[in-house]
Amino acid sequence: MAILQTILSFLSMALSLLLWGIVFAVIFLVTVAVVLRIWVRSRAKSLLPHLKEGDKDVLVVGFFHPYCNAGGGGERVLWCAVRALQEKYKHVKCLVYTGDKNVKGAEIVKNARQRFNIVLRQQPEFVFLGRRDWVEAGTWPYFTLLGQSLGSIWLGWEALTKYVPDVYLDSMGYAFTLPMFKYLGGCRVGCYVHYPTISTDMLSRVTDQTATYNNRAIIARSPILSAVKIAYYRAFAFIYGLAGSCCDVVMVNSSWTHGHIVSIWGTREGTYKVYPPCDVKEFMDLPMKSDAGKAQHSIVSVAQFRPEKDHPLQLRGFHEFLKGVPQEKRKNYKLVMIGGVRNQGDADRVDGLKRLAEKLEISQYTEFRLNVPFSELKQSLSEATIGLHTMWNEHFGIGVVECMAAGTIILAHESGGPKMDIVVEHNGSCTGFLAHDEKTYADAIRTILSMSPEERMEVRRNGRESSSRFSDQEFQTSFLNASEALFK
């Protein structure tokens, strides 16, 4: 009995110490947070004073976009958002946190105008960051998700200590910066999510032990390593959800992204679908002629040569299609793979694709066009019969929209944004086709090419008309409506 009482007394004391430890830890963390907030906000008063000079009612909006000088769809969203705010609010001044420290602000704005035909009313302020390499995947060869997220906190801290805006908008998907700007900076915070850092699909692929570009074969083959990675992913998803749940306004680019963000962040209210702005006008201005009597039908793919775009599936699907075509007629069909090569890794992937084409004996029917100018891209799409897309669970699919606007018949992957938002019926009519493996892609190509020119023209018209839902003007209206609460 005495031993039992001693044990109970010891457990009671240990529990009491634990509770007091938790209390002191909470008090310590709150104190540190308060001190940091006071320090950060007092420091901010002496930085960039010209932003509010002569007008204390000015509202400064800071966009966190470390790669703002890149030429992708995410950057088009950024500059369209800046333009929308400048046109609606006279008292709003925009600021962009960027890691493009070797480029001047005027040149960044000039590049945005040339690449996207976006003209701003005034040049935004730029805050140049020096720690961008901390968020690059190459810095974190292992535990990449965790490493890049920790890196984003370090990069976000640099941004916060250089200037504290009134409204903070993360436009690149760095969710772990949101609590920092909200609780330490005292900002109203919003975000535009192109792609969730982690999704339930990623969890399911690890659970199913499926080898992919983000799940190495050595892990997929091992039940123990897969179990460890699942635990890691679930813990990360929990923390990611906590970070995202502090956001005042959440904007997502598609139904697919909306579903995953709501599932992980738990923020159904205040989460808005805002389709990204696509430069459909440039493509819709292309003439759309009948392909009757066309000597050669081209199947054009437009995508950066990144692993998730799954270019090998395009080659295998095209090979499967050609197997059913007599040898003497195969010259009537050509697969054209257009894409950007950013670095040596992309160049190596292109070399690997060329070797695969040789192995499949379709090299003479396959063409690679790298880093082509916009004029050549438009010309290629205007001549194409089919626009090809093969990325599994593409979050949206700007390239898919551009193909439809150009008047090609789109053949996209049966998943993600293309399935849920883009290649859907328009006024009850077909706008394109979907597939999921080499056989269904080959079957769809065969179906499209067996249609009459008049039937193909009808699908092309439907696709082009449907693509107008993703114009710059539609984005601007949706963006301003969704973000309005941040500016009241």
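Is the crossing of helix 11 and helix 16 left-handed or right-handed? The crossing of these two helices is right-handed, and the points below take it up together with other features of the model.

1. Basis of the note. The model is a predicted one, in which local features need pLDDT of at least 70 and side-chain atom pairs count only at pLDDT 80 or more, while totals for chains, interfaces and linings use all residues. Residues are numbered from 1 along each chain as its sequence is written, and side-chain values use heavy atoms, with hydrogens and water left out.

2. Helix 11 and helix 16. Helices here are DSSP runs of H or I with at least four residues, strands are runs of E with at least two, and both are numbered from the N terminus. Helix 11 (residues 311–323) packs against helix 16 (residues 438–450) at an angle of about 55°, and their axes are 8 Å apart. The axes are lines fitted to C-alpha atoms, for helices over the stretch in contact, and the angles run from 0 to 180 degrees between N-to-C directions. A crossing is called right-handed if the near helix is turned clockwise from the far one by less than a right angle, and left-handed if anticlockwise.

3. Helix 14 and helix 17. The axes of helix 14 (residues 398–406) and helix 17 (residues 453–467) come within 7 Å and cross at roughly 125°, and the two helices are therefore oblique to each other. Helix 14 passes helix 17 in a left-handed crossing.

4. A salt bridge is a side-chain nitrogen of Lys or Arg within 4 Å of a carboxyl oxygen of Asp or Glu, and a search of the whole structure finds 19 of them. One of these joins arginine 456 to aspartate 291, with the closest N and O atoms 2.8 Å apart. Because arginine 456 lies in helix 17 and aspartate 291 in the loop between helix 10 (280–284) and strand 8 (297–302), the pair ties together parts that are 165 residues apart in sequence. Both arginine 456 and aspartate 291 are buried, where buried means under 20% relative accessible area, exposed over 50%, and partly exposed in between (1.4 Å probe, protein chains only).

5. Other salt bridges. Glutamate 367 forms a salt bridge with arginine 369, the closest N and O atoms being 2.7 Å apart; glutamate 367 is partly exposed, with a relative accessible area of 28%, whereas arginine 369 counts as buried at 17% relative accessibility. Within helix 16, aspartate 443 and lysine 439 are 4 residues apart, so about one helical turn separates them. The closest N and O atoms of the salt bridge between aspartate 443 and lysine 439 are 2.9 Å apart, and aspartate 443 counts as partly exposed at 30% relative accessibility. Salt bridges that share partners also join Arg76, Arg83, Asp279 and Asp472 into one network.

6. Phenylalanine 143 is placed in the loop between strand 3 (125–128) and helix 4 (144–162), where it is exposed, with a relative accessible area of 57%. Its phi is near 50°, a positive value in a residue other than glycine. Together with Tyr142, Leu146, Leu150 and Ile153, Phe143 makes a nonpolar surface patch of about 520 Å². Patches are made of residues with over 30% relative accessible area and no salt bridge, like charges being joined within 9 Å and nonpolar side chains (Val, Leu, Ile, Met, Phe, Trp, Tyr) within 5 Å; accessible areas come from the Shrake-Rupley method with a 1.4 Å probe, and for residues only the protein chains shown count as cover.

7. Asparagine 427. Asparagine 427 also has a positive phi, of about 55°, although it is not a glycine. Asparagine 427 lies in the loop between helix 15 (416–422) and strand 13 (432–435), and at 69% relative accessibility it counts as exposed.

8. Two buried loop residues. Cysteine 246, in the loop between helix 8 (223–244) and strand 6 (249–252), is buried with a relative accessible area of 6%. The C-alpha atoms of cysteine 246 and valine 189 are separated by 8.2 Å, although the residues are 57 apart along the chain. Histidine 389, in the loop between strand 11 (386–388) and helix 14, counts as buried at 10% relative accessibility, and its C-alpha atom is separated by 8.0 Å from that of glycine 399, 10 residues apart along the chain.

Notes. Angles under 35 degrees count as roughly parallel, over 145 as roughly antiparallel, 65 to 115 as roughly perpendicular and the rest as oblique.
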